[in-house]
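Thanks for making time this morning.

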Amino acid sequence: MKRRILLTTLAVTILAGCNNDETEEENLDDVTMTQEKVEQKNELQYDKFKMEDDTLYLKNGDEKSEVTLTHSDDVLIKQKTTTDSTYEARGYKDKTDAEKKILEENKALKKNQDGVEYNLDLRDKDFTETLTIDYENADLNLVANIPEDEDTEGVYISYDQMKNTLFMRGYYTEGESTANFNGQEDIEGTGTIERKDNEVITFNMDVVLPYESQELTKDEAVEQFTPLQEYYKEMSKKEGIDLSLKFEDNGMHFKQNVDYKEANIEDVFKIEHVDETPSKEDLKQLREYSHQVEMFTRYGLLYKEK
């Protein structure tokens, strides 16, 4: 019987804004594949006539990423991730500074590993990273962070789980869609985002944050957040915005409903940034789908697989 696993390290190392940590580099340096494990993995069968490519996208300010997943049903066969960014977006001073830091951050990817190819193209003001993983030839112990002594016979990378993980990170498919989100652990709540490609059309959030999660008692929360409650009432008088905050027995109950077709974008910015004046870049990023997913995450809401 086939066992599916979710890739947890290498395939997500160059998603926009992500870097390798020491643990990932140690895995890449120290884990090798024995001939026995090669033979075990090669026993995995899938229908080559069902192979297809799905492409997911991520846009975050001046940084964008594209992931193409080649799969047959739930078996992930290959993954190619291309990330375009600027030195400014990553906090690098210039091309020389970027080259030194990027190569240091991704030094493990530059080693000769079967099934793994990493390339870096540095230009005057921006750069492109490309990571390709061929799961037919890659060491699953290495790219999926499986313990070295664990049997990998019949193991494969799950396409469905990988795609869902990318969706939780703010990746999206082309076209119109509604994404659903659920509260995690002790968070009760739901959220929805209607979008077209990377542009949010509407979003709705209904979540209860336990007082304990904010290290507050109910009385302390009422004292501290009553001004925000009143602010929400004033903001709700504006077109396209409906907000509320209630102090319930189990926590603070937040509701945020925004329709960008009617709302003034500067008003929407001030929902989360009460006393700040938005820059052009702030307003540019505000309607990005990945930005909204990140905001939901801060409230404990994660993408819900259909």
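Before I turn to the pairing, a word on the term: two strands are said to pair if DSSP finds at least two bridges between them. Please also keep in mind throughout that this is a predicted model.

With that in hand, look at strand β3, residues 63-72, where Glu66 is found. On one side, β3 is joined to strand β4, residues 75-86, by 9 bridges, and the two run antiparallel; within that pairing, Leu69 stands opposite Gln79 of β4. The two strands form a hairpin with 2 residues between them, and in the turn Asp73 has a positive phi of about 55 degrees.

β3 also pairs with strand β2, residues 51-60, again in an antiparallel arrangement, this time through 10 bridges. Here Asp53 has Thr70 of β3 as its bridge partner, and in the hairpin of β2 and β3, which has 2 residues between the strands, Gly61 takes a positive phi near 65 degrees.

How many of the 10 residues of β3 are buried? The count is 8, so that the strand is described as mostly covered, buried meaning under 20% relative accessible area. Glu66, by contrast, counts as partly exposed, because its relative accessibility is 37%, and the band for that class lies between 20% and 50%.

Glu66 belongs to a negative surface patch, which it forms together with Glu174, Glu176, Asp197 and Glu199.

Technical notes: Residues numbered from 1 in each chain as written. Predicted model: local features only at pLDDT ≥ 70, side-chain atom pairs only at ≥ 80, totals over all residues. Heavy atoms only, no water. Patch = residues over 30% accessible without salt bridge, like charges linked within 9 Å, V, L, I, M, F, W, Y side chains within 5 Å. Areas by Shrake-Rupley, 256 points an atom, 1.4 Å probe, with all protein chains shown as cover. Salt bridge = Lys/Arg side-chain N within 4 Å of Asp/Glu carboxyl O. Lys, Arg positive; Asp, Glu negative; His and termini not counted. Charge placed at Lys NZ, Arg CZ, Asp CG, Glu CD. Helix = DSSP H or I, 4+ residues; strand = E, 2+ residues; numbered from the N terminus. Buried < 20%, exposed > 50% of the residue type's maximum accessible area, 1.4 Å probe, protein only.
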